[in-house]
Amino acid sequence: MERSGSGRIILHVDMNSFYASVEISYDPTLKGKPLAIAGNVEERKGIIVTCSYEARAKGIKTTMPLWQARKLCPELIVKKPNFERYRRASRAMFDVLREYTDLVEPVSIDEGYMDITHYMNDNPLEIPKIIQERLMDELLLPCSIGVAPNKFLAKMASNMKKPLGITILRKRELSEKLWPLPVAQIHGVGEKTAEKLNTIGIETIHDLANGDTVQLKTLLGINGERLKLRAKGIDNRAVDPESIYEFKSIGNSTTLAKDTTNENEISDVLKKLAHSVMVRMKRKEVLATKIFITIRYGNLKTITRSKKLANPIGDEEEIYELAKQLFFAHWNEDPIRLLGITGQDLVEKDDAVKQLDLFSFENDAKEEPLLSVIDQINQKYGNQLIKRGVKGKQEEDLSSGTSFNKDFLRD
């Protein structure tokens, strides 16, 4: 499906304040009011997941602690995330997009690319307006749309006018619309990368486009060269509907109700996270060859640690034990605010080749009869009816977690 970058018409459809907009579509009385979606609504240390533009006007931002947001805006309306509701709205949104072309590439729950180059008979620049109006009229969901000859420029264009913006960005307009912007605003450059670029005199996107390639590669590796090409408006990536099925990691994180140093509480959270990751990996029929943990302290300092595995794993207990080992090996005993576990470098379960040593062979042999019985029951009465090591109801994700994966589109 790779094709030339010339003459393409690519749209980037980006839903505006998606979670908040979905809540407003279900309860129109919230329209025009400062609304925030936050985890741990009852707790002082809940975190803002997203908020309406009315809330943003009051200075409220994503990841801001709830207590701080309420201080800025006492009349703030706060709701817990309703992820199943957001999944339904996302599916409906992508269904609308696919009515115009089969070349639709979801990149997250609330944004995606469309290639309309060969699918329109009339003026294709009318299509963004039609799509925006339909999403608003039929789903009550606002969006911004970028129109450009490639994915990168379409993404940059959709960010230029929010909410309800439609922005066309042509290559001949880069010097006027794109290059004067601070380098931190380029897609793919975070705060730390921007700081690194500033140290070599790169302050704007224009500076990046004209930067020294060798110097950029020395500073940022291959990503430096890639970012320079993007800044020059070069991006030959195709819009690929199949990319939704490509994923390299499955993980989840949760903000604790309160900062803690209690080892039992920390172990309980790690256990729940391991279970969540196991469930999602099982649903995808994949195993992890690397376990990655995230630790955020009360002062917001965040560290990550990982361990490469000789044998792919997907068992909850194995994930938990490895995550716990990593945590206690690197924890400095300061209070913990957030924990996360991610399975990385995933392999299809059917393709996984296990290098058995004496100990893993003995453990596998012991568990084989039990797993065989469970598989037989699940095949007869439905998947996940019985699961090893789980009591009570099935738990797909921690309710307080805000990590999202594209797997919601395959449910």
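Reply: Contact means heavy atoms within 4.5 Å. Helices (H or I, at least four residues) and strands (E, at least two) are DSSP runs, numbered from the N terminus. This is a predicted model, in which local features need pLDDT of at least 70, side-chain atom pairs count only at pLDDT 80 or more, and totals for chains, interfaces and linings use all residues. Residues are numbered from 1 along each chain as its sequence is written, and side-chain values use heavy atoms, with hydrogens and water left out.

Me: What covers the buried residues of helix 1?

Reply: Buried means under 20% relative accessible area, exposed over 50%, and partly exposed in between (1.4 Å probe, protein chains only). In helix 1 (residues 18-26), 8 of the 9 residues are buried, so this helix is largely enclosed by the rest of the structure. Among the buried residues are Phe18, Tyr19 and Ile24. Their cover includes strand 1 (10-15), strand 2 (35-38), helix 4 (83-97) and helix 5 (127-139).

Me: Which residues are buried in helix 11?

Reply: Gly224, Leu227, Lys228, Arg230 and Ala231 are buried in helix 11 (residues 222-231). They cover an arc of only 160° around the axis (taken from the directions from the helix axis to the C-beta atoms), which puts them on the same side of helix 11. The buried residues of helix 11 pack against helix 6 (151-158) and helix 10 (213-220), among others. Just after helix 11, Gly233 takes a positive phi of about 85°.
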